[in-house]
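Me: Please take me through this model step by step. I shall ask about particular regions as we proceed.

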Amino acid sequence: MPTLTQKLVITAPDDWHIHLRDNEALATTVPHAAMSFHRVICMPNLVPPIKTTLEAIAYRERILTALAQADIDEHKKATFDPRMVLYLTDHTSADEIASAKASGVVQAVKLYPAGATTNSADGVTNILGRGAVFEAMQKHGIPLLVHGEVTHSDVDIFDREKRFLDEILSVIIKNFPNLKIVMEHITTADAADFCLAQGQHIGATITPQHLLFNRNHLLVGGVKPHFYCLPILKRATHQKRLLEVATSGNPKFFLGTDSAPHATHTKENACGCAGCYSAPHALALYATAFESVDALDKLENFASRFGALFYGLPVNQNTITLIKKEQLIPDNYPYLDGKHLTPLMAGQTLAWSVQ
């Protein structure tokens, strides 16, 4: 039997930022997500993107169809709850926000600055011109999820998050003081400290890769495409600060994997796609990060409570068990038609497993 230090029972976690993609991709991504998480916030940057409530409802049905066909435990199927997000564009209307609220399945609206990341070409070109939409979101209690980077070509890629905080996000917060905002996948000490300086209506998600790795892991010894994500990995000092706030017990910070599937051949080429795929073993990655700073006792709140509380949703009632048992991360998973998908840390061993 495992000792107390080798076994960790926590409330079932949620993932407040995940990419499932669509159609045939769902056969891989949905069971992986459902095995790890209860609720998931599904990113809308599909091709074409999810811009309306009706599109969001239809997307959720496709996810649930894939779930029904998945070869996983029936209890996992019964408890999996995909929550939908609208893709904010230059044409999103206040009426659409009202429809989203009335739907009961649209949880938030996502702001991608145009060109910021994968499938963001339809993103907002004039963020500060979206005032009527932000006002409607504030009125209806719909949170704004922010990919926090400016996209000007002359701005250094390592400085884009800080510039977004100073030039864009601070203005939105000032003009819409009651708008709930999630700073998604924060990557810098600047973002962590900015979040701490705001009211309780401003929160942030943190990915496993930004807790475990820094830009040396991406660049030293040659570029490693499976560590390439956006926002990009930063200096070790920023990684250290993210670990500090994630394990601090502050409810502003909660789990969001940003798990993003890309077929291996699209990652390992001259213009590789941005995104790390972590959904199947994300909890073991987070446990590894928290254990590295002797903070396993803080993992449950970060993974299972703080996100639900921020969104005003009930905390899950069931539990999962992590055990100190090594698992070998597969080299790849089947993905799409005859292709495969390489996960983060493929072929490496993690000390933790989900029982």
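Reply: A residue is called buried under 20% relative accessible area, exposed over 50% and partly exposed in between, using a 1.4 Å probe and protein chains only. The model is predicted, so local features need pLDDT of at least 70 and side-chain atom pairs count only at pLDDT 80 or more, while totals for chains, interfaces and linings use all residues. Residues are numbered from 1 along each chain as its sequence is written, and side-chain values use heavy atoms, leaving out hydrogens and water.

Me: Then how many residues of helix 1 are buried?
Reply: Nine of the 11 residues in helix 1 (residues 26–36) are buried, so this helix is mostly covered. Among them are L26, V30, P31, H32 and S36.

Me: What is the secondary structure of the whole chain?
Reply: The protein chain has 13 helices and 15 strands; these are DSSP runs numbered from the N terminus, with helices being H or I of at least four residues and strands E of at least two.

Me: And what is its radius of gyration?
Reply: The radius of gyration is 19 Å, close to the 20 Å that the globule rule gives for 355 residues, so the chain is as compact as a globular protein of that length. The radius is taken over C-alpha atoms, and the rule is 2.2 Å times the number of residues to the power 0.38. The C-alpha trace spans about 55 × 45 × 40 Å along its principal axes, and 57% of the 355 residues count as buried.

Me: What share of the contacts joins residues at least 24 apart?
Reply: Among contacts between residues at least 6 apart in sequence, that share is 72%, where contact means heavy atoms within 4.5 Å.

Me: Turning to helix packing, how do helix 7 and helix 10 pack?
Reply: Helix 7 (residues 189–197) and helix 10 (residues 236–246) meet at an angle of about 30°, and their axes are 8 Å apart. Helix 7 is therefore roughly parallel to helix 10, a label for angles under 35 degrees, with over 145 roughly antiparallel, 65 to 115 roughly perpendicular and the rest oblique. Axes are lines fitted to C-alpha atoms, for helices over the stretch in contact, and angles run from 0 to 180 degrees between N-to-C directions.

Me: Which residues meet there?
Reply: A189, D190, A192, D193 and L196 of helix 7 meet H238, R241, L242 and V245 of helix 10.

Me: Where is K267, and is it buried or exposed?
Reply: K267 lies in helix 11 (residues 264–267) and is buried, with a relative accessible area of 2%. Its contacts, not counting residues up to four places away in sequence, include P225, H226, Y228 and C273.

Me: Which peptide bond to P48 is cis?
Reply: The bond from V47 to P48 is cis, with omega near -5°; P48 sits in the loop between strand 3 (39–42) and helix 2 (53–69). The bond from L230 to P231 is cis as well, with omega near 0°, and P231 belongs to the loop between helix 9 (215–219) and helix 10.

Me: What is phi for H185 and for D258?
Reply: H185, which is not a glycine, has a positive phi of about 40°. H185 lies in the loop between strand 7 (181–183) and helix 7 and is buried, at 2% relative accessible area. For D258, also a residue other than glycine, phi is near 55°. D258 is in the loop between strand 9 (253–255) and helix 11 and is buried, at 8%.
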